[in-house]
Amino acid sequence: MIKIEIINGPIEFFRNEDSRQKDGAELIFNGRVRVTENGENITALEYEQYKGMAEAELTQLAEETCKKFPIHDLFCKHRIGRVDVGETSLHVVIWSKHRKEGLEAMTWFISELKKRVPIWKWAILEDGSRIPSECAHG
Amino acid sequence: MININVKCFSQVKYALGKDELNLELEVGATTLDLEKIIREKANGKLDSVSLRIALNQKYIPHETELKDRDEVAFIPPVQGG
């Protein structure tokens, strides 16, 4: 099963579940906003999405991940709008029988997200100016 | 003539100073024709930016003929996460 949410506001983490009996691994990844972006101090990032396409691409990617790796569930929340330094912008949870496939699935999912989901960052600098981030991820 | 809605994001939005453009093009115009127009409007600010094309909210790998009321986005490198 997958769950995908794009949220304008603080992320509420997915609830821990102690009822799962088939999954030996629960992987949680939280991406947070660093204080520097391209070597400059920032106060926040502002995430911009292509509304509609971003959620569709993220959903398709989650489905591909579940087919490519033997994992059971993948839940993902991505924040848009202003995210202050230190706050969570991306929250992903993957459940799998063993850790290996879960770790591989998590790495692949996040790498692909950074290549194809139409979401961008604007850096909010200390003087309040707002510029597109030039930070490119491989 | 055909009417095309161009959505602008990130560096494209920054270069053009607009969220979107509504353009009238000749019948038979393609995504490549439109990309040239967008790059010209940016006055060189997009020269070093690689752009993928989304047509009606789906990535397309090749030059495609546009139809009336198509929605096009030129997608600069994405940065989610």
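Chain B is made up of two helices and five strands, where helices (H or I, at least four residues) and strands (E, at least two) are DSSP runs numbered from the N terminus. This is a predicted model, in which local features need pLDDT of at least 70, side-chain atom pairs count only at pLDDT 80 or more, and totals for chains, interfaces and linings use all residues. Residues are numbered from 1 along each chain as its sequence is written, while chains are lettered from A and ligands numbered from 1 in the order in which they are written.

**Chain B as a whole**
- Along the sequence, the elements of chain B follow the pattern β-α-β-α-β-β-β.
- The C-alpha trace of chain B spans about 35 × 25 × 20 Å along its principal axes.
- Of the 81 residues of chain B, 28% are buried, that is, with 20 or more other C-beta atoms, placed from the backbone, within 10 Å of their own.

**The contact between the chains**
- Chain A brings 24 residues to the contact and chain B brings 14, two residues being in contact if their C-beta atoms, placed from the backbone, lie within 7 Å.
- On the side of chain B that touches chain A, helix H1 (10-16) and strand E5 (71-75) of chain B each supply at least two residues, and H1(B) gives the most, with three.

**Helix H2 of chain A**
- The buried residues of H2(A) include Gly102(A), Met106(A) and Phe109(A).
- Seen down the axis of H2(A), its buried residues line one face of the helix, because they fall within an arc of 125°, taken from the directions from the helix axis to the C-beta atoms.

Conventions
Buried ≥ 20, exposed ≤ 12 C-beta atoms within 10 Å, placed from the backbone.
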